Amino acid sequence: MDYGKNRTWLEVDLAVLRENYRKIQQRVSPAVGVMAVVKADAYGLGAVKATQALAAAGCRQFGTAYLEEAMELRENGIQAPILVLGPVPLHQVEVAVEHRLTLQVSSLAMAAAFDQVAARMGRTLGVQIAADVGMARFGLPLEGRVEAAAEEASAICRLPHLKVEGYYTHLQVLGTTPEGQEFDRHQFGLFREFTDRLYAAGFRATRHCACSAMLLLHPQSYLDQVRVSALLFGLQNPLGQPFQLPEVVSLRSRVVHLKQVPQGSPVGYGPHYTQRDTRLAIIPIGFGDGLHRSVSHKAPVLIRGQRATVFGKLCMDFCMVDVTNIPAEIGDEVTLIGKSGGQSVSIFEYAALYGGTACEVTTSLGKRINRIYLHEQD
C-alpha cells in the first residue's frame, strides 16, 4: 500500500540533486572525475533512485561501503562502475568478479587471495589500492613507511589476475584552523609521495583522496577524481566556504489530532507541564522514525507558514507541538525540515539541536517514512 503523503514523508528533489552534481563537476573541471558515494542508502535518500538521477546527470562512477549495497544497484539495472570502499570477505569475491565490481585492497596478502579467486574463475578482478594516511581504518599505512608501502603496492600491481584501477585514501580533514590545514597538507603529502613513487615505477592509475570537505577546503587535492556524497545531497557543512549547495530533502508530516489542555497540565512522558492554556497538535512522527529524542521540547516545525515548537518529550510514534497561536487544523501539512510559507528549518539547524551532523539526520530516518521523489525526469 502506498501511503503517499497521508502520514509522514521525506521529499527528495532529484532535480536539485542533478544540479548539485553539475555544479560540483563544474567546480572541479571536466578533467577531474566525480565519484558519487551512495553508501547507507544514499544517506537515507534511496540509493537506487539517487544513482539513477546522478547517472542521468552524467555521473559515471559510484561508490558504496559494502558489497550488498553495490549489488542492490546492479540488481536494479545500474551497470556503471562501482567501487566497494569497505572490506569484502573472501567468499564474496566471486560475486564481485561476476558482477564487475571493483574492490579495495589493503595489503599484499589480501590482494594475493583475491588474485587466486579470479584465477580460478579465469577472469580479472578490478581493484583499487587503499592507503592509510592517519584514519587507521583500511589501507597500506604510509606514516614513516612510504617507500615500503609503495613497494608493497607495486607487488600488488604485478598480480596477473588483478587490474589496479586506482589508488585512494581518506583524510581526516581538520582544515578549519591553521593547524588543521597543516595537518591536512601533511596527510595529502604522504599520499602524493606514495602515488608519485608508483607512477615513477610505471604503475599509473586513477588517484583520488578528496571527499566533500576536502573539495571545499583544498583544491590542490582534486587529483584525477573526487569522491562526494554529503556535498551532493546538500548535507555538507560549508566550513566557511562560499560554495554552498542546497539541501535535497524535506521532511514533512500532518496534524492528525488537536487537543486543548489547561494551564498546569502534564504533557507526555516526563512529564512537561503547560505554562498557559495550550492548544496541542499531535504529529505522527517520533523517535521510532529516527528523530533524536534529545530534540524534545525544542525542535522547531512549520505549520501554516509559522514556526512552532515540539512540546515535551518525543514519543516513539508521535510528538506534540504547541500551536496555541496558530489556527492549525487536522490534516494541515507540517514541515520538520525544509521550506514552507516563506519560512525554513534547515537540516543543519535540526542537527545542531543535539550536536549531530546533517548526514546523521537523514541516515537515521527509518523505513516507516515514505520517500517521495520529485522531478524524476530531467
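Helices α1 and α3 are oblique to each other, because the angle between their axes falls in neither the roughly parallel range (under 35 degrees), nor the roughly antiparallel (over 145), nor the roughly perpendicular (65 to 115). This is a predicted model, in which local features need pLDDT of at least 70 and side-chain atom pairs count only at pLDDT 80 or more, while totals for chains, interfaces and linings use all residues. Residues are numbered from 1 along each chain as its sequence is written, and side-chain values use heavy atoms, with hydrogens and water left out.

**Stop 1: α1 and α3.** Select residues 14-28 for α1 and 47-57 for α3. Helices here are DSSP runs of H or I, at least four residues; strands are runs of E, at least two; both are numbered from the N terminus. The two helices pack at about 50 degrees, and their axes are 9 Å apart. Axes are lines fitted to C-alpha atoms, for helices over the stretch in contact, and angles run from 0 to 180 degrees between N-to-C directions.

Now show side chains. From α1, pick L14, L17, R18, Y21 and R22; from α3, pick K49, A50, A53, L54 and A57. These residues are in contact, meaning heavy atoms within 4.5 Å. By class, the α1 and α3 contact holds seven nonpolar, no polar and three charged residues. Nonpolar covers Ala, Val, Leu, Ile, Met, Phe, Trp, Tyr, Cys and Pro; charged covers Asp, Glu, Lys and Arg; the others, Gly among them, are polar.

**Stop 2: K39.** Go to helix α2, residues 39-43, where K39 lies. An unreviewed UniProt entry annotates K39 as "modified residue: N6-(pyridoxal phosphate)lysine". UniProt positions follow the numbering used here, feature names are shortened, and annotations may be inferred rather than shown by experiment. K39 has 32% relative accessibility, so it counts as partly exposed (buried is under 20% relative accessible area, exposed over 50%, partly exposed in between, with a 1.4 Å probe and protein chains only). Not counting residues up to four places away in sequence, K39 touches G63, T64, A65 and E69.

**Stop 3: α7 and α8.** Select residues 146-157 and 178-200. Helices α7 and α8 pack at about 45 degrees, with axes 9 Å apart. That angle makes α7 oblique to α8. Their crossing is right-handed. On the α7 side, look at V146, E147, A149, A150, A153 and S154; on the α8 side, L190, E193, F194, R197 and L198. The α7 and α8 contact has seven nonpolar, one polar and three charged residues.

**Stop 4: backbone exceptions.** Most residues other than glycine have a negative phi, and most peptide bonds are trans. Start with V173, in the loop between β8 (162-169) and α8. Its phi is near 60 degrees, a positive value. V173 is buried, at 17% relative accessibility. Then select L239, in the loop between β10 (225-228) and β11 (249-254). Phi of L239 is near 55 degrees, also positive. At 23% relative accessibility, L239 counts as partly exposed. Next, find G270 and P271: a cis peptide bond joins them, with omega about -15 degrees. P271 sits in the loop between β13 (266-267) and β14 (272-273).

**Stop 5: C319.** Finish in strand β18, residues 319-322, which holds C319. C319 is buried, at 1% relative accessibility. Leaving aside neighbours within four places in sequence, C319 contacts A281, I282, I283, I285, V310 and L314.

Technical notes: A crossing is left-handed if the near helix is turned anticlockwise from the far one by less than a right angle, and right-handed if clockwise.
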